[in-house]
Amino acid sequence: MMNKDLLFLSFSLLSWGWLSETWPAAFGLLFAIVAGKYSAWRWQISSTQFYRCGDLSALLVILLLIDVYILQPTERPIFVLLKWLPVLFAPALFAQLFSSAQSLPLATLFYSLRKQNPELADFKLPYTSLYNRESGVIRLFREIDFIQPYAALTVLSAGAANVQSPLYFIIATALFTGILWTIRPKHSSVPLWLLSIVLAIGVSYFGYQGLRQLHTLVEEKSIAWLSNWQSDPFKGQTSIGDVGELKLSDKIEFRLKADGPLLLHQASYDLYLGHSWLASKHLFMPENPFKPSENGPLKQLEILQQLNRQSVLALPDGTVKITGLDDAYLQYTELGAVKANLSPRFARYQAFYTDRRTGAPSKYDLLVPKQHLDWLQQIADELKLAGQRPETIVELIKSHFQHNFFYSLYLGNQANADLALRDFMLKRKAGHCEYFAAATVLLLRQAGIPARLANGYSVGEYDNRQDLYIVRSRHAHAWAIAYIDGLWRAVDSTPSQWLAMESEHASLWQPVADWWSNCLFHFREWQLQQSRQQNAKLELIAALLLTIYLAWRLYSAKQKLSRKTQNKQSAMLKPCCQGLDSEFYLIEQGLQNTDRARLHNESIQEWVERLQAPELSRLYKLHYQLRFDPLGLSDEQRQLLRQQANAWLEHFRNEAARH
Amino acid sequence: MLQSFLLRQYRRVYRFDNWMRRHFTFTGHLVIAFTIAAAVFGVNTKQSTTYQLFVFLLVLLVLSILNSSFNRLKVTLNRRLPRYGMVGEPLRYTVTLTNLTPRTYGRLALCEQLAEIQPSATQLLKFYQLHQSPWFKQVVNFRRWLRYLAYQRGGVIAETALPDFAQAPLQVQISFTPTRRGTITFTDSYLAKPDLLGLFRRLIVLKARQSCLILPKHYPIKPLTLAGKRKYQAGGVSLANSVGNSSEFMSLRDYQRGDPLNSIHWKSFAKHGKLIVKEYQDEYFVRRALLLDTFAGDAATEQFEAAVSVAASIAVNERQNEALLDLMFVGLQTYCFTAGRGVDQLPHLQEILAAVQPGEQDSFAQLRQAVLARIGLCSSLVCVLMHWDQVRQDFIKQLLSHDLPVAVFLLHDGSLGEQQCANKPEHFYLLDYRRLAEQLAAL
């Protein structure tokens with residue numbers, strides 16, 4: 001390792017330690033590197049052992065991913081990986097630093113290169129060349145000097161610290177400028193080179209600031225667009241005014257344990273703007289507006305759900321307490337929406353509720369849009385709502401929808417939301433739940449009852465095997481809530497066949513999707529139990545398994561190595577010199593300088609035929625087999641060749657002595 | 001349709017891959033890798049700062065590419081190729097580069113290239129013998145496409161690093177191992193010059209299109225001891241391969257009816273006023289025929305190559321001064337080339353063998369006719385076959401009935417045993433094409 005390499009490594013590691021606040025790791029690595037430089041110890045590391053170091057890095061990456069995604073889910077798992085890259089790739093660096101080769105086979109980092117068939121290697125054009133700084137020559141990069149790439153990797157990793165100041169930019173440009181300086185070609189003019197670097201730094205300084213501004217702009221623009229996809233407690237986008245057919249998903253959203261079917265409320269909206277419903281009080285507060293003391297006896301249900309970083313919970317009316325989400329930060333709105341902020345994970349939580357939604361109505365709860373006044377008045381007259389008690393009005397409206405309307409997934413062909421609602425009431429008399437809920441809210445308001453549109457889920461599909469209610473995406477529902485006798489009561493006027501109709505539209509793949517969802521559910525539940533009860537035990541088992549695996553790899557590598565050495569030793573004798581120890585050569589040697597000597601242009605076979613010695617005929621065949629058959633001779637045949645050749649030679653010498 | 005679409009994509013991927021490999025230095029590749037990594041981790045500029053590194057590296061790459069457009073280096077190239085190369089043996093040649101500018105350049109590399117012809121779907125089907133396969137198996141994957149390209153290219157010449165390149169002419173020794181026989185074409189070479197920053201390389205094209213003939217691989221083989229008689233060769237040695245009489249003059253005699261006109265000695269006619277003809281020496285010598293069956297049929301390409309190698313090995317080991325050798329095979333027509341003392345050099349046969357292509361139709365009947373037409377001239381016959389069917393067995397039987405010594409080399413893929421081959425002649429050698437060297441050595 002040269003001094004400038006040490007400089008690059010020290011600079012990058014110290015910068016990483018400083019920005020990421022990983023001082024112990026940075027100093028530890030640096031100490032080992034410096035020790036490597038000044039120590040005389042070097043090992044003869046074989047390719048396989050290099051590969052094992054690469055495997056160790058890969059294993060560390062996998063373990064880290066398991067930890068951040070499964071064992072201890074964190075908010076930014078990918079950045080945890082980025083942050084620890086220098087530690088994860090340290091085995092490969094140390095393999096190079098402490099090896100006598102002082103370079104790293106590229107296959108250590110790229111598994112695909114290990115399996116490359118040497119016969120196929122010629123199919124590709126040769127790799128680009130690498131300038132080797134020490135020897136001053138260019139060679140093919142089957143091996144690399146990993147020091148500078150490692151330094152670059154460390155600086156990349158320091159980016160995870162997210163220090164939003166020019167500091168990171170200065171560090172990164174300084175390191176890369178240093179590296180580029182060491183590899184610049186001989187014909188490069190230094191002033192021009194410096195000018196290029198200064199230009200690059202200048203352009204990229206303004207470039208990265210521009211990129212950041214662009215990102216902010218794009219983010220702002222996309223928020224509005226993306227928000228239409230999610231359940232938003234501030235704004236509800238209905239499908240009123242959409243055309244075509246409503247597409248429903250069979251995806252299982254969550255499961256719950258409850259005493260019976262019920263409606264789970266996610267959000268309420270009090271302002272009607274045609275296509276959209278808005279919530280006037282949309283500010284989230286840390287305090288739950290529903291107090292247990294205010295509302296009588298509590299009921300309980302349990303929800304099992306995969307929660308995202310920010311999830312709007314679906315809860316029964318009058319939820320006063322939630323347990324099981326201790327690590328979550330819960331926020332509430334006055335209109336009853338509850339948002340949980342937590343690390344994405346599978347959660348099992350309990351909701352305690354009174355089934356009585358309280359809260360005073362506002363002036364918005366009685367607002368009737370002018371464009372709908374005519375038909376509202378017409379229907380109200382038809383139903384004779386004027387002067388009736390609120391309970392009667394609710395019943396009349398529900399009965400009107402139940403008897404005169406149909407549930408339909410067909411969205412119609414009217415693109416204007418206001419006209420679509422009018423069509424629904426006066427002509428088509430068929431629609432999905434959002435039409436029923438919106439029309440009910442407006443009719444109630446027309447009759448003088450404060451009303452809001454609520455959305456959430458209708459729980460009704462019970463799974464006997466799991467003893468749980470299953471809530472799918474298609475169970476998402478909208479209904480009206482009316483303020484009667486100091487309480488908000490649910491008024492679900494959608495004809496009751498809607499669930500059955502939507503079930504009929506279920507996908508053919510639903511059983512398969514359900515099976516997979518159940519598998520995931522059971523795994524996550526098991527994982528949840530483990531993390532609660534045996535977190536420490538699990539880590540211990542993982543560590544134990546890792547130790548066993550590493551010990552096994554070490555043992556098998558040793559075995560392979562010794563086998564390889566044996567093979568190598570035998571190979572040294574076999575392939576290039578196979579059969580050179582044949583005793584047949586002794587016969588040839590013994591007959592030299594006699595009239596029976598083998599001629600230069602004579603093959604052994606011809607020679608034996610010329611000698612007319614039948615006992616040699618068998619011997620020369622054995623000799624050929626020993627020399628040229630890749631399988632060689634069996635032990636018995638080898639013994640036979642040895643004995644008979646020696647016996648023949650002995651006999652020949654005796655004969656010669658006698659004459 | 002699908003196949004041609006795939007081939008187009010293969011070509012694009014291969015071209016892009018080559019472009020990247022040739023144009024970027026190792027550091028350039030690393031910078032690209034880090035640019036991509038920085039972009040992936042920095043896609044959200046509020047969660048990490050690697051986007052700053054991404055911008056810097058991207059600007060460096062762009063500057064490098066722009067830098068490379070300025071070039072003052074001018075070079076000439078002169079390549080000295082040997083006349084022949086041989087499959088599997090390193091082919092060494094010299095390239096002389098001359099720098100026409102006064103500057104010294106470092107870290108240059110010479111990229112020699114062999115011509116590549118992008119295969120068509122039909123060529124691939126033929127090469128991999130997929131005509132009979134179901135349609136889904138006829139789809140050639142990228143790996144096979146590359147393999148064909150490599151086979152057709154005939155070898156890989158590694159990039160050669162040049163020492164500092166000043167004004168003095170620079171001689172570079174290059175060697176590579178040809179992987180197929182036939183003509184290998186060297187296309188334009190490139191001199192790769194890294195840019196100012198050392199990330200991107202400008203490729204300076206050096207026009208030097210040349211070709212070299214690669215002879216088939218041959219193996220040491222014991223000379224065959226076929227007990228053939230010397231045969232009368234009308235026309236003697238020098239014209240043994242052409243029509244007419246020998247040029248070795250013996251005597252003059254009076255004209256007899258039926259004598260050819262071109263044997264009349266016109267000077268004597270002018271002197272004596274009667275027709276006198278020249279008489280030439282009758283020649284008797286050994287003439288051996290080497291017959292190569294070019295019909296590959298279902299056999300693998302390697303098996304056919306092995307058959308050519310066997311023929312080449314026999315031709316090389318022929319004693320040049322003792323006999324003539326007729327090489328006979330069927331290509332577009334039936335060919336017969338004669339080599340030996342006074343006729344042609346035996347290495348010329350190697351050149352011919354380097355160009356032999358497998359036949360698509362079984363043209364053995366044609367070859368048989370050609371052999372039977374010359375049977376009177378031949379002392380012995382060596383057949384290199386790839387099939388042992390009834391037609392070939394009958395042919396060998398017919399040759400033996402003429403009391404002609406025949407040796408048969410039958411190439412197979414390891415599926416044949418001696419017992420399975422009926423009607424074997426005395427000299428019958430069964431050769432597994434994958435163990436050719438050892439089996440020929442053990443003959």
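UniProt, in an unreviewed entry, places the feature "transmembrane region" at residues 48-71, 78-98, 166-183 and 190-208 of chain A; such annotations may be inferred rather than shown by experiment. The structure is a predicted model, in which local features need pLDDT of at least 70, side-chain atom pairs count only at pLDDT 80 or more, and totals for chains, interfaces and linings use all residues. Residues are numbered from 1 along each chain as its sequence is written, and chains are lettered from A in the order in which they are written.

Residues 48-71 of chain A are 100% helix and 0% strand, with the end C-alpha atoms 32 Å apart. Residues 78-98 of chain A are 86% helix and 0% strand, and their end C-alpha atoms lie 31 Å apart. Helices (H or I, at least four residues) and strands (E, at least two) are DSSP runs.

Between the chains, 53 residues of chain A are in contact with 51 residues of chain B (C-beta atoms, placed from the backbone, within 7 Å). On the side of chain A that touches chain B, α10(A) gives the most, with twelve residues. That side divides into 33 nonpolar, 13 polar and seven charged residues (nonpolar: Ala, Val, Leu, Ile, Met, Phe, Trp, Tyr, Cys and Pro; charged: Asp, Glu, Lys and Arg; polar: the others, Gly among them).

The axes of α8 (residues 147-158) of chain A and α2 (residues 26-41) of chain B come within 11 Å and cross at roughly 15° (lines fitted to C-alpha atoms over the stretch in contact, with angles from 0 to 180 degrees between N-to-C directions). α8(A) and α2(B) are therefore roughly parallel to each other (angles under 35 degrees). In this pair, A:P149, A:A152 and A:L156 meet B:L30, B:F34, B:A37 and B:A38.

How values were computed. Angles under 35 degrees count as roughly parallel, over 145 as roughly antiparallel, 65 to 115 as roughly perpendicular and the rest as oblique. Two residues are in contact if their C-beta atoms, placed from the backbone, lie within 7 Å.
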